[in-house]
Amino acid sequence: MCSIFGYKSFNKKLPEAQLKQASALLSHRGPDASSSWSSDSEDIFLAHNRLSIIDIDASSNQPMKGRDGNIIIFNGEIYNYKDLKASECADYPFKTSSDTEVILALYEKYGIDCVHHLRGMFAFALWDEKQKKLFCARDRFGIKPFYFVKSENSFSFASEIKALLPFLSKVETNKQALSEYLTFQYTLGEETLFQNVHQLMPGHLLTLENNQLNIKKYWDVSYQIDYEHSPQYFEEKLDSLLQESVQYHQVSDVPIGSYLSGGIDSSLMTALSADKNDQFLGAFHGRFMEYPGYDESSYAQDAASFSKTPLHTIDITAQDFIDNIQQVIYHLDVPIAGPGSFPQFMVSKLASQHVKVVLGGQGGDELFGGYARYVVAYFEQAINAAIEGTHKNGNFVVTPESIIPNLTLLKEYKPLIKNFWKEGLFGPLDERYFRLIDRSADTMGEINWEFFDKEHLLERFKTIFNNKDNVAKEAYFDKMTHFDFKCLLPALLHVEDRMSMAHGIESRVPFLDHKIVEFAATIPADIKFPGGRMKALLKNVFKEKIPNNILNRRDKMGFPVPLKEWFEGPLRDFVYDIFSSEVATTRGFYDPKKVLKNLDQSSQFSRKIWGLLSLELWYREFHDQQINYQKLIA
């Protein structure tokens, strides 16, 4: 829910009118109420746009003041807030029924350690009136966003980057972040594609006191594998934790629904949600009917019928793309290489006509092994181990014999395998996984890679992939899933948040409850991924909740978009006009003419043109039109 925005001046200047204008750029995130608070004596300004979900009464509007004079602005939901009120905060004189006030009460009792008691998704800022200190925190997984800019004269923060652009002297691209985007299709750390705009990393908090900024990690996941318990123990524990998480994630004073693609994760979320809540109004699905091979609505309908819940469907067309893509880029703030952001925008628009809260399945792939590239990686390792004669020594999750029945999953990924193997086999595990996720080979002709430092990228990747604080010595599977959990998942959550909030609805992700994540990190890889079977544990535990035809699917494509057909047909002129424009030739690091040569060569699932189109549209919105943001504080 909501947006937060704040500004702390270091030079006794508080341009309050301009600050309110900057906060207004985030009004789509909170259409129900907008308020602000400022202190001239301390030169601090806090603003909030509210989407009312819990305790929808106006008394719970923000900024909210605690009994000790502290002020908070909060974006998110604390799902265990009722438990905390009854236990940790039983003596606090609450004035509202909101979860926001619980954070104030916890801070009064525990200070910055209050974050350890919170179960939910959150980004908040709290002004400590007695200590004259700003305290901010972001949830453990980065479900809710927090960006900031620190300059010589001020510190500003916001839920979305666009509200911070007026406080930059110039809108410039961060070269390192751009190289990460072009390589991985997402960025890896706290830097963003905007120079001098940073994100508070997941599981981190910050304090600003006497104009000094301090950032601290308060949570991280560590793979401490439990070899003592049986598979049955892990199954029963996962069942209990996920059922509990879904129950918590349905805490709401307004109706809820779910996203439903027809895959395992969204079907499971729909089934568990429909079981537990009378306010559940159904599931929401987007389909492409113009071309064969892209319509997955039959699976979505099967899942909805199985769960005895209505399915609301929207037909998405090429004209929808033309009409909405610039709005998609505007709300994303950064280019997104995955084309799924566009249909997510359209489905969120549909959902907003019925509900204010939607549950999704993000996190299931990273926690339980849902990506085909894990099978590709293990296929290579199984072959190598068989050649070396080491595949039966207990260090391998899969053997050649066990993985063969699962190789049919890779039928649609033969081009990926061909590309993966063309530059060698059987190298170090970190370099092999980098090769699997490195997208730069696809754009060697279009991008001037001499402009970027590729060696630095590989070293950055290795630092995360080989971090022994997270994965000390466990299986290749844990290293792969952990990297995706730390780097890919935040990018997916970015899309989840922006595309839902663009329409004033809140997306929740029950897989990403910290108790589930911490538990999943203890499960041996050969229980989560036996024989290379993707999501084997999850499927086995919840097989009674999902239709068999979905449970046994081997063709799930992950929100397929008919890019090839669109780019060759109804979107050809649109794309041609974008890349043949005079402004496109000024970027310097890519050749738009070479991009256009791909229009007749793009494969069905190629992201090349989309990734560069997304980037060019981003430049147009936030660089070429930066004067529209700068004038807010002129």
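How close do the axes of helix α4 and helix α24 come, and at roughly what angle do they cross? They come within 10 Å and cross at roughly 150°. This is a predicted model, in which local features need pLDDT of at least 70 and side-chain atom pairs count only at pLDDT 80 or more, while totals for chains, interfaces and linings use all residues. Residues are numbered from 1 along each chain as its sequence is written, and side-chain values use heavy atoms, without hydrogens and water.

**View 1. Crossing of helices α4 (residues 175-184) and α24 (residues 608-622).** Helices (H or I, at least four residues) and strands (E, at least two) are DSSP runs numbered from the N terminus. Axes are lines fitted to C-alpha atoms, for helices over the stretch in contact, and angles run from 0 to 180 degrees between N-to-C directions. The two helices are therefore roughly antiparallel (over 145 degrees).

**View 2. Residues in contact between α4 and α24.** Leu178, Tyr181 and Leu182 of α4 meet Gly611, Leu612, Ser614, Leu615 and Tyr619 of α24 (heavy atoms within 4.5 Å).

**View 3. Open sheet of 5 strands.** The order is β15-β14-β13-β16-β17, with parallel pairing (at least two DSSP bridges between two strands). β15 (311-315) and β17 (506-508) are at the edges with a single partner strand each, so one side of each has no neighbour in the sheet. From one strand to the next, the twist averages 30°.

**View 4. Strands β14 and β15 with helix α7.** β14 (residues 280-287) pairs with β15 in the parallel sense over 5 bridges. Arg287 is opposite Asp315 in β15. Helix α7 (residues 297-306) lies across both strands and runs at about 165° to β15.

Terms used: Angles under 35 degrees count as roughly parallel, over 145 as roughly antiparallel, 65 to 115 as roughly perpendicular and the rest as oblique.
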